[in-house]
Amino acid sequence: MKVEVGARIPSWGLERVTPERMKTVAAILRDPNPIHWDRQFATERGLKGRLVNQSPINLGYIANMLMEWAGPACIRRLRVEFPAPVFDGDGVTAGGEVTAVFSEGRSRLARCAVWLDRSDGSRAVEGWAVVELPDCGPISSTADSHGVQASDQ
Amino acid sequence: MAVSETDLQALVGHRFPGGTYRIAHWENALLTEATGSRPLPGDLAHPVHLFHVPIAGAGVTIAELFALAHADSDASVTIDYYDWEVSKPLRESTTYLMRGGITEHSRKCIEAGPVVDSVTFRIEVMDESADEVARVTFRWNFWRFAS
């Protein structure tokens, strides 16, 4: 697997976020917020009855993209913010781009800009990740030990 | 708004009880499926567990964190950021030890609008050898609207 700065990570998408999955997640997380499972409450909050997907699951879509790309145990760091919510019925697409490739001990790592976009084009999650690369051949870019290049600072 | 900035500043340094957590296979299967992912190989747990496992393992619940920061309601809390640092992937049926607490608080007053208290939590996840598995930091915003 050869990875270069500027390479796009293959996107990962979900055609439709469903309320059934939100309810499962709310139960497992013991998340009491009714905006994830009570449509009447969501109506009263001005959300037109649309349930709000849990933020960790939005981050989970980005994790899925990274794991499909670099392997199921690849994630070393995920740091994200949430500029907009994802609602039930939305489609979502996770994307990413390599911003640095570097070594740490015997591991080869890539720092990546990552995001999650809704089907209306708005950005729901944005941030960065560090992933450990599988056998990736020669490193094609240099950076410091944290993968930080001048353009990241 | 009944809670003062001083009351919230006093939370900085608060430590959670701490404790342990084991991810059950059923829990991993359901949560992994809820992300739309195919099952992960072997006993690997989906990284999304880094949200609730540290909280539960530290001996608190989301509802208790809301109450600790005097949330006006369950729906008055929004996420600012998550930062998950992972040394080793999480696995099913492994006992993890957790310790953590509240590390920061800041208050922002929006002109002619609500007050927002940002509270930062940090929890370390260790294996039974006390080797660090992950460190999670997250900041939640608590919105205070005048009644």
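Two strands pair if DSSP finds at least two bridges between them; helices (H or I, at least four residues) and strands (E, at least two) are DSSP runs, numbered from the N terminus. The model is predicted: local features need pLDDT of at least 70, side-chain atom pairs count only at pLDDT 80 or more, and totals for chains, interfaces and linings use all residues. Residues are numbered from 1 along each chain as its sequence is written, and chains are lettered from A and ligands numbered from 1 in the order in which they are written.

**View 1. Strand 2 of chain A runs antiparallel to strand 2 (residues 77–86) of chain B.** The two strands are joined by 5 bridges. A:Glu81 has B:Tyr81 as its bridge partner in strand 2 of chain B.

**View 2. Helix 1 (residues 19–29) of chain A crosses helix 2 (residues 25–34) of chain B at roughly 140°.** Their axes (lines fitted to C-alpha atoms over the stretch in contact, with angles from 0 to 180 degrees between N-to-C directions) come within 9 Å. Residues in contact (C-beta atoms, placed from the backbone, within 7 Å) are A:Arg21, A:Thr24, A:Val25 and A:Ile28 of helix 1 of chain A, and B:Glu27, B:Leu30, B:Leu31 and B:Ala34 of helix 2 of chain B.

**View 3. The contact between the chains takes 31 residues from chain A and 29 residues from chain B.** On the side of chain A that touches chain B, helix 1, helix 3 (55–70) and strand 2 (75–81) of chain A each supply at least two residues. Helix 3 of chain A gives the most to this side, with 8 residues.

Note on methods: Contact = placed C-beta atoms within 7 Å.
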